[in-house]
Amino acid sequence: MCKVIIIGAGPSGSIAGALLHNSGHQVTILERQQFPRFSIGESLLPQCMEFIQQAGMMDAVVNAGFQFKNGASFAYKDQHTEFNFEDKFTAGIGTTFQVQRGRFDEILANEVVRMGVDIRWQTEVTAVDFSGDKPKLDVRNPSGEVTTYEADFVLDASGFGRILPRLLDLESPSGFPVRKALFGHIEDRIDDAQFDRNKIRITVHPDHKDVWLWVIPFSNGRSSVGVVAQTDFFQTWDCNDIALKDIINQDDSLRTLLKNAVFDDKINAITGYAANVKSLYGKGYALLGNAGEFLDPVFSSGVTIAMKSASLAAAVLDRQFKQEAVDWNTDYAIPLQRGVDTFRVFVDAWYDGRFQDVIFHQKQQPKIKTMICSILAGYAWDEANPYVKNARSRLDTLVELCRAN
């Protein structure tokens, strides 16, 4: 039986832990915090459900009472468009949920414990040594004592904590401008009968097309709200709470939609969240999800990429433990990066306004819309989709056609 240590019990760590345990390997997950805890990334994509199903956690998630989600709604001034995820090019699950991440992550972690995986809470990795035959990790427990752990392999699923990138000097510039997100939860008190709680709503700022806001409805009459912009945009405000409310009120439709909302006291902020690394793997380790690369929250791709990385890495590691020939670059890094690069193309096009010209175009072609919808639903690895296989050139051509008409 081979021993795997996973750093982090979030979605990528729990999915990887379940898959490896179900393949017969001994798994220990080290989690710095105690769940439930707050986290961003609350609007899942349908592709996530494929990985949840693969890990044997579907019933627990479906029965949790989360807000059903079947698509995404986009608004800009008086323009509005919707994507229904079941109307997509790629086969597979077409619906998902909008979740409070504290509870969602706790459910996944509880499921992996139920399966027999050992999670050690409030344990922090303070140092690592990959120079020997087996990886060694210095781990501080809740009492402050430091113990050395040894494993056959380490998966870093530490998310924005980015444990191995920091300790092994793997950090690399993301290539994206420095952006800031302000976000919090509200009792939304939305009384608009036309508002569809089954979709995330993304609103483009009326005066700044590279600034956008989200509303993610939950099943209990509450919502997550947030705004993303480059850091200079926020210089007018000294207070995050006032800034978020003011920016919401700058859009007529959002101001009307959230006119009765009651904001929670705490407004969160993340600055410079985009991240990259020099390599997604090395001797004795691999990086999962946000520990490797995080693009941007605009298309809710973070949890999908995290779960995809967990699925790929668990499969490669299982083969490696069975003494099969594996190549972590060919079998893990390159396949994972294909989907990440697809999302990157659309993120770039969102912020320069080109993708907005596509989705708000008045004469959308139904077949092309299903292909775009597949990517928005998270199926960014389906190379049968022309907008995945040749993402940049296809999107560039589509933008030109939309702008010409």
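Leu-155, when its neighbours within four places in sequence are left aside, is in contact (heavy atoms within 4.5 Å) with Val-4, Ile-5, Ile-6, Ile-7, Ala-16, Leu-20, Ala-286, Leu-288, Ala-313 and Leu-317. The model is a predicted one, in which local features need pLDDT of at least 70 and side-chain atom pairs count only at pLDDT 80 or more, while totals for chains, interfaces and linings use all residues. Residues are numbered from 1 along each chain as its sequence is written, and side-chain values use heavy atoms, with hydrogens and water left out.

**Nonpolar cores**

- The largest nonpolar core has 121 residues, of which Leu-155, Tyr-332, Phe-346, Trp-350 and Phe-355 touch the most other members; such a core is a set of buried Ala, Val, Leu, Ile, Met, Phe, Trp, Tyr and Cys residues joined through side-chain atoms within 4.5 Å.
- Helix H9 supplies the largest share of this core, with 12 residues; helices (H or I, at least four residues) and strands (E, at least two) are DSSP runs numbered from the N terminus.
- A second, separate core is made up of 23 residues, including Phe-195, Trp-237, Leu-244 and Ala-261.
- In soluble globular proteins, nonpolar side chains tend to be buried together.

**Aromatic pairs and cluster**

- A search of the whole structure finds 19 aromatic pairs, where rings of Phe, Tyr and Trp (its six-membered ring) pair if their centres lie within 6.5 Å, and planes under 30 degrees apart count as stacked, over 60 as edge-to-face and the rest as tilted.
- Phe-66 and Phe-104 form an edge-to-face pair, because their ring centres are 6.1 Å apart and their planes stand at 65°.
- This pair links distant parts of the chain, 38 residues apart, since Phe-66 is in the loop between helix H3 (58-62) and strand S3 (67-69) and Phe-104 is in helix H4 (residues 101-115).
- Phe-66 counts as buried at 6% relative accessibility, and Phe-104 counts as buried at 0%, where buried means under 20% relative accessible area, exposed over 50% and partly exposed in between (1.4 Å probe, protein chains only).
- Phe-153 and Trp-328 make a stacked pair, with 5.2 Å from centre to centre and 15° between the planes.
- Phe-153 lies in strand S11 (residues 153-156) and Trp-328 in helix H9 (residues 328-351), so this pair ties together parts that are 175 residues apart in sequence; both Phe-153 and Trp-328 are buried.
- One aromatic cluster is formed by Phe-74, Phe-83, Phe-299, Phe-346, Trp-350 and Phe-355.

**Charges over rings**

- The charged end of Lys-209 sits over the ring of Tyr-76, 5.3 Å from its centre, a description used if NZ of Lys or CZ of Arg is within 6 Å of the ring centre and within 35 degrees of the ring normal.
- Lys-369 lies over the face of Phe-83, at 4.9 Å from the ring centre.

**Backbone features**

- Phe-35 and Pro-36 are joined by a cis peptide bond, with omega about 0°, and Pro-36 is placed in the loop between strand S2 (26-31) and helix H2 (46-54).
- Lys-77 has a positive phi of about 55° although it is not a glycine, and Lys-77 lies in the loop between strand S4 (71-76) and strand S5 (79-84).
- Arg-189, also not a glycine, has a positive phi of about 50°; Arg-189 lies in the loop between strand S13 (179-187) and strand S14 (199-204) and counts as partly exposed at 45% relative accessibility.

**A strand pair**

- Strand S8 (residues 124-129) and strand S9 (residues 136-140) run antiparallel and are joined by five bridges, where two strands pair if DSSP finds at least two bridges between them.
- A hairpin of six residues joins S8 to S9, and Ala-127 stands opposite Asp-138 in S9.

**Cysteines**

- The count of disulfides comes to zero, a disulfide being a pair of cysteine sulfur atoms within 2.5 Å.
- Cys-48 is in no disulfide, and the nearest cysteine sulfur, that of Cys-373, is 15 Å away; Cys-48 is buried, with a relative accessible area of 0%.
- Cys-402 is in no disulfide, and the nearest cysteine sulfur, that of Cys-373, is 16 Å away; Cys-402 is buried, with a relative accessible area of 12%.
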